[in-house]
Amino acid sequence: FMCVKPHILPQACQDIRQQVTDKHTVVSIAAGVSTKAIHDMLANNGCVVRVMPNTPCLIGKGVSAVCAAQGVAATVTEEVCELMRVLGIAEILPETQFDAFTALCGSGPAFVFLFMEALSDGAVRSGLPRHLANSFASSMVSGAADLASKSDKNFASLKDGVTSPAGTTIAGVHSLEERGFRGTVMNAVFAASERSKQLSNQ
């Protein structure tokens with residue numbers, strides 16, 4: 001496993017490429033660096049597999065994507081995927097979908113933490129003590145995520161299940177929509193995806 005930042009990867013590959021043969025599987029978690037680029041850095045040696053994990057892997061709740069360089073056996077890719085499933089959910093994706101996955105699941109936790117911080121700030125402004133606002137926001141987001149993952153309803157239907165006519169929730173939803181909430185989130189994911197593509201081309 002090569003668990004280094006993208007700018008360190010070329011030197012790391014140079015340091016090990018004399019020892020790497022086609023019998024070795026080299027797994028990289030460097031964001032934005034393609035399997036072809038890694039294979040080239042290794043002087044075309046080794047079976048290169050690319051993994052994009054996210055920070056919830058630290059508690060076994062991660063989401064990871066896995067892809068392999070051209071010519072790598074499907075059994076090798078599946079073995080790496082099984083290893084990543086120890087840390088949560090893992091799926092084999094085409095490498096062409098990695099930028100979108102990186103934006104959604106790699107960058108996504110930061111977007112969620114930012115939203116949680118804003119929820120807590122709003123609750124403090126409304127009168128809750130900070131420690132309770134943080135605790136309640138964390139538990140609420142965790143519970144909502146569990147409900148969504150276990151329900152056969154789509155996100156819109158789950159939202160509608162909370163919004164009563166002329167109630168508090170629809171007032172808050174209206175305030176968010178008035179300020180372009182959904183468009184802002186969509187743009188954030190797209191911007192992260194575009195940045196991932198830029199990194200791939202450097």
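Mentor: Strands are DSSP runs of E, at least two residues long, numbered from the N terminus. This is a predicted model.

Trainee: Where is serine 64 found?

Mentor: Serine 64 sits in strand β3, which covers residues 62-68.

Trainee: Why is serine 64 called buried?

Mentor: Buried means under 20% relative accessible area. Serine 64 has 1%, so it is buried.

Trainee: Which residues does serine 64 touch, not counting those up to four places away in sequence?

Mentor: Among them are Val51, Met52, Pro53, Cys57 and Phe101.

Trainee: What makes α4 oblique to α9?

Mentor: Helix α4 (residues 98-106) and helix α9 (residues 181-200) pack at about 130°, with axes 8 Å apart. Roughly perpendicular ends at 115 degrees, and roughly antiparallel begins over 145. The angle falls in the rest, so α4 is oblique to α9.

Trainee: Which residues make that contact of α4 and α9?

Mentor: From α4, they include Asp99, Ala103 and Leu104; from α9, they include Val189, Ala192 and Lys197. By class, the contact of α4 with α9 has 5 nonpolar, 4 polar and 2 charged residues.

Trainee: What is the handedness of the crossing where α5 passes α6?

Mentor: That crossing is right-handed. The contact of α5 with α6 holds 9 nonpolar, 3 polar and 3 charged residues.

Terms used:
Residues numbered from 1 in each chain as written. Predicted model: local features only at pLDDT ≥ 70, side-chain atom pairs only at ≥ 80, totals over all residues. Heavy atoms only, no water. Axes fitted to C-alpha atoms, helices over the stretch in contact; angles between N-to-C directions. Helix = DSSP H or I, 4+ residues; strand = E, 2+ residues; numbered from the N terminus. Parallel < 35°, antiparallel > 145°, perpendicular 65-115°, else oblique. Contact = heavy atoms within 4.5 Å. Nonpolar A, V, L, I, M, F, W, Y, C, P; charged D, E, K, R; others polar. Buried < 20%, exposed > 50% of the residue type's maximum accessible area, 1.4 Å probe, protein only. Left-handed = near helix turned anticlockwise from the far one by under 90°.
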